[in-house]
Amino acid sequence: IEESEKFRIEYWELEEAKLRRMPAPRPLAARVALVTGAGSGIGRAIARRLAAEGACVAVADVDGGSAERVAAELGGPDRAVAVTVDVTSEEQIAAAFAAAVLAFGGVDLVVNNAGISISKPLLETTAQDWDRQHAIMARGSFLVSREAARVMTEQRMGGDIVYIASKNGVFAGPNNIAYGATKADQAHQVRLLAAELGEHGIRVNGVNPDGVVRGSGIFAGGWGARRAAVYGVEESELGAYYARRTLLKREVLPEHVANAVFALTGGDLSHTTGLHIPVDAGVAAAFLR
Ligand code: NAD
C-alpha cells in the first residue's frame with residue numbers, strides 16, 4: 001500500500017474509533033445540571049424546568065440565600081443543592097463543581113446565566129464599570145466553561161454547555177457599550193468552545209433572550225427604570241411595552257427562556273452545536289429595538 005493510502009486508512013480508523021466513543025445524549029432524568037445565577041429570574045426558571053424534567057440541579061449564585069431558597073423549592077438535597085459562588089473566583093467555581101460532583105456523582109449540563117448589567121452612555125462608562133461587567137460575564141462564563149469542560153472530559157460522557165447570551169451581543173443600541181460587548185464575547189465563546197469540545201461529545205449553544213422584564217433582577221435593579229425613561233413609558237408598563245414591539249405581540253417570560261434550554265438539552269437537538277436560539281418573540285428577526 002502506498003504511504004498516502006496507509007495514512008488515509010489510519011485516519012479513518014481513528015475517526016471511527018472516536019465516533020464509537022462518542023456518548024449518546026442522555027435524558028434529563030439521568031443528568032446533573034449546574035446553573036449559575038439560578039437564585040433569580042431566568043436562571044431560577046431554568047433550574048425549575050430542568051428539575052421538573054428530572055435532572056438533579058446545583059443552584060449556583062453569588063447570593064447564597066436565594067440559591068438556598070430555590071434549591072429547597074426544587075425538592076431538597078436529593079434533587080438540588082445550593083452553592084454560593086462568585087463567578088469571578090476560580091477557587092469558588094472549582095468548589096461549586098466539586099460540591100455538585102460530591103452530591104450527585106458528576107456534572108454534564110452547565111448553564112452560564114449569571115450576570116449583571118452596567119448599561120451607561122459611553123462617556124459615563126468608567127474603566128471600573130468595564131472591568132466589572134467583563135469580570136462577571138465574559139471572564140466569569142469563560143472560567144465556568146473551562147471547569148465544565150475539565151469535569152466533562154474527565155467523565156467521558158459528553159455534555160452540554162449553554163450560554164444565556166443576548167440579542168444585545170448581536171445587535172447594537174446606544175448606552176450599552178460594556179454589557180453589549182460582554183454579550184458579543186459570550187456569543188463567540190459559544191462558537192469557539194463548540195469547535196474545541198465537539199470531539200468530546202460536548203455541545204455548546206446559546207440562547208438570546210430579549211425583554212424579560214418580569215422576575216428579572218437586572219430590570220428591577222435600575223436597567224428597567226432607564227429603559228422606561230428612554231421609551232417614555234412607566235416602569236410598570238415596560239413588559240407590555242416590550243410585548244407590543246415584538247412580532248408575536250407577546251411578553252417574553254423567564255419560562256420561555258427555560259423552554260429553549262430544555263429544547264437544546266432535552267435530547268431532540270442532539271446534533272446541534274454552536275447555535276444561538278433567539279427567545280425574543282421576533283425582535284431580532286425584524287431588527288426592532
Ligand atoms: P437576574 O438579576 O434576575 O439574575 C442574575 C443572577 O445572577 C442573580 O441571581 C445574581 O445574584 C447572579 N449573579 C450576579 N453576579 C454574580 C456573580 N458574580 N456570580 C454568580 N452569580 C451572580 O437577571 P436576569 O434577567 O434573570 O438575567 C439572567 C441572564 O440573562 C444574564 O446573563 C442576563 O444578561 C441575561 N439576559 C437577560 C435578558 C432580560 O431581558 N432579562 C435579556 C438578555 C439576556
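Just after helix α9, G267 takes a positive phi of about 120°. The model is a predicted one, in which local features need pLDDT of at least 70 and side-chain atom pairs count only at pLDDT 80 or more, while totals for chains, interfaces and linings use all residues. Residue numbers start from 1 along each chain, following the sequence as written. Helices (H or I, at least four residues) and strands (E, at least two) are DSSP runs, numbered from the N terminus.

Helix α9 itself covers residues 254–265; its twelve residues reach 17 Å from the first C-alpha to the last, close to the 16 Å expected at 1.5 Å a residue. That expected span is 1.5 Å times one less than the number of residues. Buried in α9 are P254, V257, A258, A260, V261, L264 and T265. They sit on the same side of α9, because they cover an arc of only 155° around the axis, the arc being that of the directions from the helix axis to the C-beta atoms. A residue is buried if 20 or more other C-beta atoms lie within 10 Å of its own, exposed if 12 or fewer, and partly exposed in between, with C-beta atoms placed from the backbone. As for partners, the buried residues of α9 pack against α2, β4 (109–112), β5, β6 and β7; contact here takes C-beta atoms, placed from the backbone, within 7 Å.

Helix α6 (residues 177–197) has 21 residues and spans 30 Å from its first C-alpha to its last, close to the expected 30 Å. Its buried residues are I177, A178, Y179, G180, T182, K183, Q186, Q189, V190, L193 and L197. The cover over them includes α5 (127–155), β5 (159–164), β6 (202–209) and β7 (276–279). In the loop between β5 and α6 lies N175, a non-glycine residue with a positive phi, near 60°. N175 is partly exposed, with 16 other C-beta atoms within 10 Å. A281 also has a positive phi without being glycine, near 55°, and is found in the segment after β7. With 22 C-beta neighbours inside 10 Å, A281 counts as buried.

The largest nonpolar core has 79 residues, and I46, V57, V59 and V257 have the most contacts inside it. Such a core is a set of buried Ala, Val, Leu, Ile, Met, Phe, Trp, Tyr and Cys residues joined through C-beta atoms within 7 Å. Leaving aside neighbours within four places in sequence, V59 is in contact with V35, A38, G39, A47, A67, V70, A71, A80, A82 and V83. A60, in strand β2 (residues 56–61), is buried, with 35 other C-beta atoms within 10 Å. Beyond residues up to four places away, A60 touches L34, V35, T36, A38, A67, V83, V85 and A96. A60 and F97 are 37 residues apart in sequence, with 9.5 Å between their C-alpha atoms.

N113 belongs to the loop between β4 and α5 and counts as buried, with 29 C-beta neighbours inside 10 Å. Its contacts, not counting residues up to four places away in sequence, are V35, T36, G37, A38, I42, G43, I46 and I164. The C-alpha atoms of N113 and A165 are 7.8 Å apart, across 52 residues of chain.

Finally, the ligand. Of the 30 residues around the ligand, G37, G41, G115, S216 and G217 come nearest, where counting as near takes a C-beta atom, placed from the backbone, within 6 Å. The elements giving two or more residues to this shell are α2 (41–52) and α7 (217–231).

Note on methods:
Contact = placed C-beta atoms within 7 Å.
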